[in-house]
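Work through the exercises below with the sequence and the structure in view. Each task is followed by a solution in steps.

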Amino acid sequence: MTAIKQTAAAFLVGGLIAVVGQVFLNLYTMVLGPGSMFISAATLVSVGLVGAVLFVLHLYPKIEKFGGFGAIMPFSGLAAAVGGTIVGAKQEGASTGKAIKAGVMLVVYVVGIGTVLSAIIGVIAFIVK
């Protein structure tokens, strides 16, 4: 696939995932009310569940293959990666507890690294300002 086709596919898949997230956001805003503090969390959980279910159904890897970074970057990509880590650990003979621990550790690493990098970038931006 050429670079232009890869970029277009990433934007298409990422945009479709964003549309799904927006649908959940609008749905939860209508159900919970616009001032509810649970709207964002419910939206993230829903998009994550969609990613995990698509992974279990062996569809998310196909979406990732087509959409590349557009499928990997959204929260659903993290959920699919966690699902893949747990399934992979189970296939390698790990107990359910160890497989879940592997999935949790992936989340801790991703969130931890993201937090540290965000803090560093924030400090640099504050100093440069």
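**Exercise 1.** Determine in which hand α5 passes α6, and how the two helices are oriented to each other.

Solution. Step 1: α5 passes α6 in a right-handed crossing; a crossing is right-handed if the near helix is turned clockwise from the far one by less than a right angle, and left-handed if anticlockwise. The helices are DSSP runs (H or I, at least four residues; strands are E, at least two), numbered from the N terminus. This is a predicted model, in which local features need pLDDT of at least 70 and side-chain atom pairs count only at pLDDT 80 or more, while totals for chains, interfaces and linings use all residues. Residues are numbered from 1 along each chain as its sequence is written, and side-chain values use heavy atoms, with hydrogens and water left out.

Step 2: α5 covers residues 75-91 and α6 residues 96-128; they pack at about 150°, with axes 8 Å apart. Axes are lines fitted to C-alpha atoms, for helices over the stretch in contact, and angles run from 0 to 180 degrees between N-to-C directions.

Step 3: α5 and α6 are therefore roughly antiparallel, given that angles over 145 degrees count as roughly antiparallel, under 35 as roughly parallel, 65 to 115 as roughly perpendicular and the rest as oblique.

Step 4: The contact (heavy atoms within 4.5 Å) involves, among others, Leu78, Val82 and Ile86 of α5 and Ile100, Leu106 and Val110 of α6. By class, the contact of α5 with α6 has 11 nonpolar, 3 polar and 1 charged residues. Here Ala, Val, Leu, Ile, Met, Phe, Trp, Tyr, Cys and Pro count as nonpolar, Asp, Glu, Lys and Arg as charged, and the others, Gly among them, as polar.

**Exercise 2.** Describe how the axes of α1 and α2 cross, and list which residues meet.

Solution. Step 1: The axes of α1 (residues 3-32) and α2 (residues 39-56) come within 9 Å and cross at roughly 140°. That makes α1 oblique to α2.

Step 2: The crossing of α1 past α2 is right-handed.

Step 3: From α1, Gly21, Phe24, Leu25, Tyr28, Thr29 and Leu32 meet Ile39, Ala42, Thr43, Ser46, Val47 and Val50 of α2. Sorted by class, this contact has 8 nonpolar, 4 polar and no charged residues.

**Exercise 3.** Is Thr43 buried or exposed, and which residues is it in contact with?

Solution. Step 1: Thr43 sits in helix α2.

Step 2: With a relative accessible area of 11%, Thr43 is buried (under 20% is buried, over 50% exposed, in between partly exposed; 1.4 Å probe, protein chains only).

Step 3: Leaving aside neighbours within four places in sequence, Thr43 is in contact with Gly21, Phe24, Leu25 and Tyr28.

**Exercise 4.** Find where His58 lies and what its phi is.

Solution. Step 1: His58 belongs to the loop between α2 and α3 (60-67).

Step 2: Its phi is positive, about 65°, although His58 is not a glycine. Most residues other than glycine have a negative phi.

Step 3: His58 is exposed, at a relative accessible area of 58%.

**Exercise 5.** State how many helices and strands the chain has, and what share of its residues count as buried.

Solution. Step 1: There are 6 helices and 0 strands.

Step 2: Of the 129 residues, 22% count as buried.

Step 3: The C-alpha trace spans about 50 × 40 × 35 Å along its principal axes.
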